[in-house]
Amino acid sequence: MAIVERLKLYRLEVPLAMPYKLAFGPVTRFDTIVVEAQDGEGRVGLGEATLLTGYTDATVSGTWDLLRRLAADVPGKSPERCAASAAF
């Protein structure tokens with residue numbers, strides 16, 4: 001069974017070449033969080049979440065804070081155990 005040895009979080013602001021308008025306002029950039037996980041054999045997995053504040057109640061800063069807290073408990077666990085710990 002794979003064990004997560006390392007987890008890195010990246011918070012990106014990706015500007016759009018052509019902004020567009022939604023009902024809740026203009027979108028000029030994507031606020032994206034990228035997660036990089038590596039196991040003991042060097043295998044790497046990536047995941048991302050792009051949040052549109054206003055589209056849902058989730059905010060970029062709130063999601064970033066939550067992921068940082070969850071990520072602190074990940075190294076040394078299997079992916080299945082991490083998923084079970086994060087379920088809410």
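Me: What makes β1 and strand β2 count as paired, and how do they run?

Reply: This is a predicted model, in which local features need pLDDT of at least 70 and side-chain atom pairs count only at pLDDT 80 or more, while totals for chains, interfaces and linings use all residues. Residues are numbered from 1 along each chain as its sequence is written, and side-chain values use heavy atoms, with hydrogens and water left out. Strands here are DSSP runs of E with at least two residues, and helices are runs of H or I with at least four, numbered from the N terminus. Two strands pair if DSSP finds at least two bridges between them. Because that criterion is at least two bridges and 14 bridges join β1 to β2 (residues 25–39), these strands are paired, and they run antiparallel.

Me: Which residues in β2 stand opposite R6 and V4?

Reply: R6 faces Q38, and the bridge partner of V4 is D39. The link from β1 to β2 is a hairpin through two residues.

Me: In what order do the three strands form the open sheet, and what makes β1 and β3 edge strands?

Reply: The order is β1-β2-β3, with antiparallel pairing. β1 (4–22) and β3 (44–51) are edge strands, since each pairs on one side only. Neighbouring strands are turned by 20 degrees against each other on average, direction ignored; axes are lines fitted to C-alpha atoms, for helices over the stretch in contact, and angles run from 0 to 180 degrees between N-to-C directions.

Me: Where does helix α1 lie, and at what angle to β1?

Reply: Helix α1 (residues 60–71) lies across β1, β2 and β3, and runs at about 170 degrees to β1.

Me: Why is E36 called buried?

Reply: Buried means under 20% relative accessible area, exposed over 50%, and partly exposed in between (1.4 Å probe, protein chains only). E36, found in strand β2, has a relative accessible area of 16% and is therefore buried. Leaving aside neighbours within four places in sequence, E36 is in contact (heavy atoms within 4.5 Å) with residues including R6, Y10 and L46.

Me: What makes the approach of the E36 and R6 side chains a polar contact?

Reply: A polar contact is a pair of N or O atoms within 3.5 Å; within protein, one must be able to donate a hydrogen and the other to accept it, and residues adjacent in sequence count only if both atoms are side-chain atoms. The side chains of E36 and R6 make such a contact at 3.3 Å.

Me: Is S78 buried or exposed?

Reply: S78 has a relative accessible area of 8%, so S78 is buried. S78 lies in the loop between α1 and α2 (79–86), and its side chain reaches the backbone nitrogen of R81 at 3.1 Å.
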